Amino acid sequence: MGFSLFANLAFNGLITGLVVSLLALSITLVFGIARFPNAAAGDVATVGAFAGLLGPLAGGGTLWIILCGMAAGALLSVAFYFLLFRPLAGKSAVSSLIASIGMAFFVRAALTFFLGHDQRVYPLPIVRAMPVGPLRVQPTDIEIVVAAVLALAAVFSILHLTPIGKRMRAVADNAELARVSGIRANRVLVAMWLIAGLLAGLSGTLLGVKTVVSPEMGWDLLMPAFAATILGTIGNPVGAVLGGVLIGLAQELSTPFVGFTYKLGVGFLVLLVTLLIRPQGLFAKNSLVR
Amino acid sequence: MAEASLCVQGIRKHFGGVSVLEDVSFAAPAGGLSGMIGPNGAGKSTLFAIVTGFQAGDGGSVLFKGQDVTALPTVQRVRLGMARTFQVPREFGSLTVRENLMAAAPGQAGEKLRNVFFRPGWIRAEEAAIAAAAEEWLAFLNLERVADAPASSLSGGQRKLLELGRALMVRPAMILLDEPFAGVNPVLVGEISERIRELSAKGIGFLIVEHNLAALSRLVDRLFVLDRGRLLAEGAPAEVLADAAVREAYMGGSA
């Protein structure tokens, strides 16, 4: 267990962490603005990953896989809003949560029914890893990092530099006050679900690029993403991203000690410890939701 | 009297068996300064909530600028030019003071995500206009120094001013103020009154619910008195306050 092993684990952790971050950001945006934990986020990611299989029909390379996945995620997410979450908006958060759990099961069952349990891989060329110092770096790793960082930058630019972003933050801050300020909640919510879907779709395809595409992948990704959301303070976008990276690092760096099989458990452990010691999360002070 | 901007007709409301408002009708003139007083439990808050669309009445109608808005949601009423403030000031605490004002502007283009990507020029022009309006109101309300501070860091009095600023950003025809002087020091009461007068001179109407009778009667030119869900009196402040029934309801309780 030398330095190079841990350096490689940390690099892998960063990549997994970015994938988790994207889904955590999707969850935290929904929580901040629609005010419920969206359990369907993981399965939107799965649908995105499966849609990514259509990428090669549109054009070659990782880019088209990602674009197909993001488009599918956005469509599904906005459809969920109009079919489910808008009609339930006046009810308690629990009804939306339960609806999202139901939708998650439905989506996964539908995928399994039509496409089976088989694992699939994107038809990307297999390339030998490049040595970068002690690291062994796959070209797809670089693509994942670039895609994730660009997406995160885009979301934060929208939130902080655009008028719709300002209104999204206003609704997240105080929905009733937003109403008397003449902010149309409907438009803010459509924009929010669209962005949440794009992020989930992206996170699914990137996970598919890194590993394989399977109907359970999104559900497995949901747990660390929820842990990241809570670790980074629910509703805080910056916190969700940092939380995701921390969880990814913790999962990968723990594998020499707990084994590959149990690294998912590390996400739960982080969640448990956070809830016990600092239930408001690491970034409670400067959060999107007050 | 000028043409009525806000016209409330036969509003009724009961909670269970308790009647809170019984057939309340009044008209607040466009551009005028109207005040509403009444003892605690008179139904002022409920009336305010019905007028602004926060609650539905059990009967009667609300007309705003000649249009029946009884069935419209709050957002639509705001878009028509009916703004309100809250008794306990509310703000978007995590946004800066300037962002608080800008978020409240009735943007046409910036509200749609697709315009951010496909019509950036339109958005920029609109944002520039909104920023200019925000700047103007920040100066008017003396909030320039704290423009870039988070709204949660403001003092109580500054929050009252910010409330007014946010209401002004929607280009209101009328602003409903819910106890603007509550918990505000006398110097600031004078300053807020002065701002309200200036805005009224610009043609913005006000309906002010207030417990501070002295400050209110100096400010408004028309006073409505609500008592136990009924409109007890209305008229010029001096006459209304001299009215025996009003004195009894307001000063003497049930005496």
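Predicted model: local features only at pLDDT ≥ 70, side-chain atom pairs only at ≥ 80, totals over all residues.

**Exercise 1.** Determine whether the distance between the ends of helix H11 of chain A agrees with its number of residues, and describe what lies at either end of the helix.

*Solution.* 
Step 1. Helix H11 of chain A covers residues 237-258, which is 22 residues.
Step 2. At 1.5 Å a residue, these should span 32 Å. The expected span is 1.5 Å times one less than the number of residues.
Step 3. At the start of H11(A), a side-chain oxygen of A:Asn236 comes to within 3.0 Å of the backbone nitrogen of A:Val238.
Step 4. Just after H11(A), A:Gly259 has a positive phi of about 90°.

**Exercise 2.** Describe the contact between chain A and chain B, beginning with the residues and the buried area.

*Solution.* 
Step 1. Chain A contributes 26 residues to the contact, and chain B contributes 33 residues.
Step 2. About 2700 Å² is buried between the two chains, and carbon and sulfur atoms give 59% of this area.
Step 3. Of the area that chain A buries against chain B, 23% comes from A:Lys166, A:Arg167 and A:Val180, more than from any other three residues.

**Exercise 3.** Which salt bridges and polar contacts cross the interface of chain A and chain B, and how many are found?

*Solution.* 
Step 1. Three salt bridges are found across the interface. One of them joins B:Glu127 to A:Lys166, with the closest N and O atoms 3.0 Å apart.
Step 2. Eight residue pairs are in polar contact across the interface.
Step 3. On the side of chain A that touches chain B, H7(A) gives the most, with seven residues.

Note on methods: Residues numbered from 1 in each chain as written. Chains lettered and ligands numbered in written order. Heavy atoms only, no water. Helix = DSSP H or I, 4+ residues; strand = E, 2+ residues; numbered from the N terminus. Polar contact = N/O pair within 3.5 Å; in protein donor to acceptor, adjacent residues only side chain to side chain. Contact = heavy atoms within 4.5 Å. Buried area = accessible area lost by both parts, 1.4 Å probe. Salt bridge = Lys/Arg side-chain N within 4 Å of Asp/Glu carboxyl O.
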